[in-house]
Amino acid sequence: MSDYLSQLNDVQRQAVTTTDGPVLVVAGPGSGKTRVLTFRIAHLIEKGVAPWEILALTFTNKAAKEMKERIEKIVGDKSDKVWAGTFHSIFARILRVEADKIGYPPNFTIYDTDDTKSVLSAIVKELHLDPTAYNVNNIRSRISSAKSNLITPRKYAEDEALRLQDRQANMPQIYAIYEKYTARCKRSGAMDFDDLLYRLYELWHTNPDGVLDKYRAKFKYVLVDEFQDTNHLQYAIVRKLVHYEGSPRNICVVGDDAQSIYAFRGATIQNILDFEDDFKPFGIRVFKLEQNYRSTEQIVQAANEIIIYNKRQIPKQIWSDKGLGQKIKLIKAMTDNEEGRRVADTIVEQKNRYHLRNGDIAILYRTNAQSRIFEEYLRRYNLSYRVFGGLSFYQRKEVKDLLAYLRLVVNPKDEEALRRVLNYPRRGIGDATLDKLSEMAGATDTTMWENLLKVEASTRAKNAIGEFVALIQKATELNGNAHEVATYIAKGSGLLSHLKEDTTVDGMARLENANALLDGIKAFVEEDLETESTADKSLAAYLQNIALLTDLDQADPDPDFITLMSTHSAKGLEFKSVFVVGMEEKLFPSYMAMDNPEGLDEERRLFYVAITRAEQFLTLTYSNSRYRFGQMRFNEPSRFLEEIPRDVLESTSSMSPRGGRTVTEETSVGTPTAKVMGNFARRPAAPSGPVVDPATFKPSPSESIQAGMRVLHLKFGEGKVLNVDGGKDNRIATIEFKDLSDAPQKKIMLKFAKLQILGGEAP
DNA sequence: GTTGGTATCTGTGGA
DNA sequence: AGATACCAAC
């Protein structure tokens with residue numbers, strides 16, 4: 001397969017074939033980013049680079065999976081050997097091998113967010129702190145961001161600025177919690193999600209036995225996807241690997257500042273800027289992918305104009321040649337219920353009129369909690385759908401309980417697992433005993449497990465503990481595969497019979513879930529048994545396999561389903577028809593982000609991500625009222641709706657008389673939508689920009705715009721055309737606006753531009 | 001220690 | 001509204 005290069009445009013091809021030295025690819029939505037990444041890897045392999053010398057890091061399992069599949073299509077089986085995966089999974093893989101060098105067992109447990117929160121609340125209790133002031137979510141995010149910025153517990157304690165912030169937030173003891181939490185994780189042989197990064201950094205930084213040099217020699221080519229979503233720590237790790245004296249610096253990062261949506265967990269687009277600076281002395285090449293192959297022009301135009309409202313961005317102009325396409329549809333509903341019904345109605349209509357399949361359609365929302373109403377209507381209309389995100393299978397209580405037993409068999413130090421199941425199902429070991437155990441462990445720096453048989457307790461408790469320990473030990477001695485051990489535990493612990501006792505509907509669902517987990521373990525043991533006789537089918541291997549999974553990986557009986565997911569998880573996906581729902585103030589943008597400009601910009605980027613998922617049809621919906629916190633709330637339409645250019649909007653409004661049918665009136669295309677926009681809360685337009693009175697504004701034909709002219713723009717006011725680039729349909733003007741102090745120069749696509757010529761001729 | 005009731009908080013996003 | 005946290009009674 002060598003004609004793959006012909007499937008690329010010029011810039012893409014350069015990004016693929018510039019294999020050596022540092023490369024930054026700025027990739028707009030739908031610009032073929034994954035294609036560039038996968039072709040680049042394939043190209044490296046064809047050039048003779050060994051697959052295992054290539055490291056490709058992504059953010060989500062989904063992205064990693066897609067990348068691997070696409071590489072396989074080009075180079076075949078060799079693709080297996082490429083180190084492609086999420087930051088967390090690749091780093092976990094390395095850490096398992098090197099664990100002993102940093103004082104961890106190779107079978108270390110990975111704590112998920114729930115485990116972390118549970119450890120934290122135990123610590124808050126032990127330190128006799130007020131749990132209302134010490135909110136575990138807040139503590140967790142403080143600790144997480146400390147780790148992401150390479151601040152150790154000791155440094156934290158010495159950092160006056162951080163300590164002051166904590167005092168002001170009424171949580172002066174965070175530093176102590178951080179220290180205790182770190183110690184407890186280590187004692188439990190456990191790492192949380194941040195530790196998977198942090199400990200790898202520590203490993204490479206301290207470099208015991210020259211371990212870093214080993215990986216530097218191994219990974220000759222490094223690629224990072226979604227670079228705009230990396231945090232300081234992730235970049236520090238990557239830099240350790242490729243940025244050193246004598247390194248060939250074969251690193252390629254791909255990202256889009258406009259799609260950075262994880263600042264809330266420490267991601268920073270500063271990394272892109274730093275990357276440019278760090279590698280400038282080493283001949284960095286920058287490629288911008290600006291052609292969008294996904295969406296029709298009006299969707300691209302809307303996206304371009306929205307993102308202009310953001311303060312900081314890398315200048316680029318995304319364009320499409322897919323034709324104007326359909327206008328963006330706007331649906332206004334009176335209630336959240338009506339919103340659900342009308343989205344379902346529109347889906348039925350689109351399916352009929354355009355012959356769309358369910359799989360062509362997605363409903364995107366800001367918060368997972370919004371999915372319920374859409375589910376109800378889709379079910380009522382008999383439309384097959386699937387909800388992604390939210391409570392995943394592995395987060396359900398009954399699944400976590402069984403998993404906790406299994407974790408304990410693999411790693412008896414795991415305190416969280418022990419706390420979870422020592423008295424579940426009930427066997428008469430209460431909080432008092434648990435507290436005593438914890439205290440003993442803390443005092444002697446041993447694990448709770450080691451103290452189980454020594455602890456002072458009632459006869460009943462002591463007997464129960466004895467049986468419990470015997471059960472776990474016996475499971476360990478079984479030495480069977482994952483499924484044998486799991487079945488033994490599920491029965492022997494009384495967990496299954498306990499679940500069977502509950503005959504309510506919910507109770508039966510729980511039993512089913514526990515059985516589904518056992519089935520899943522069985523499938524794990526049996527898969528590829530013939531082909532890979534050497535594959536590790538132990539319980540430890542199973543747990544490692546699932547620890548970093550998020551989505552429910554069940555085969556769907558009906559593969560043609562409508563996708564329901566959060567705007568965050570939609571990144572990287574595309575659908576013919578996309579519904580972005582709940583376009584309301586305090587919801588999208590989220591109330592959490594509304595009070596600061598950075599937060600608002602991130603919400604806007606999130607909206608940008610959402611609308612650029614659409615290939616042909618984009619529908620935005622909002623509701624006047626919705627239930628939140630069990631109460632009816634009234635919200636204004638989202639400010640983002642106002643930022644969409646009116647001439648790409650088509651609007652539909654409705655009245656739903658009590659018990660009556662929906663009356664739908666379509667506003668004709670092209671009519672100025674003042675009537676609709678009149679419903680919006682009025683807000684100043686562009687940040688600090690002047691607003692031109694639309695009544696007196698008369699746009700000139702775009703062909704007549706030439707360099708040197710003075711022009712008027714509806715949002716940015718008066719400016720001077722510095723130059724005009726590109727030909728025919730895709731002429732792009734660089735214009736300096738005198739009233740925009742921050743970033744006066746804007747690139748504007750003339751085809752869509754609303755510019756009025758004020759004077760000044762082409763020289 | 002367990003049970004059952006009431007009070008309280010939560011409800012961005014994800015590996 | 002729904003889950004969890006907490007408290008008094010057994």
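Arg 605 and Glu 602 are joined through their side chains by a salt bridge, with N and O 3.3 Å apart (a salt bridge being a side-chain nitrogen of Lys or Arg within 4 Å of a carboxyl oxygen of Asp or Glu). Because they are three residues apart in helix H26 (residues 597-611), about one helical turn separates Arg 605 from Glu 602. Arg 605 is buried, at a relative accessible area of 10%, and Glu 602 is buried at 8% (buried means under 20% relative accessible area, exposed over 50%, and partly exposed in between, with a 1.4 Å probe and protein chains only). This is a predicted model, in which local features need pLDDT of at least 70, side-chain atom pairs count only at pLDDT 80 or more, and totals for chains, interfaces and linings use all residues. Residues are numbered from 1 along each chain as its sequence is written, chains are lettered from A and ligands numbered from 1 in the order in which they are written, and side-chain values use heavy atoms, with hydrogens and water left out.

By this rule, the count of salt bridges comes to 44. In one of them, the side chains of Lys 400 and Asp 115 meet at 3.6 Å, N to O. Lys 400 lies in helix H17 (residues 397-410) and Asp 115 in helix H5, so this pair ties together parts that are 285 residues apart in sequence (helices, H or I, are DSSP runs of at least four residues and strands, E, of at least two, numbered from the N terminus). Both Lys 400 and Asp 115 are buried.
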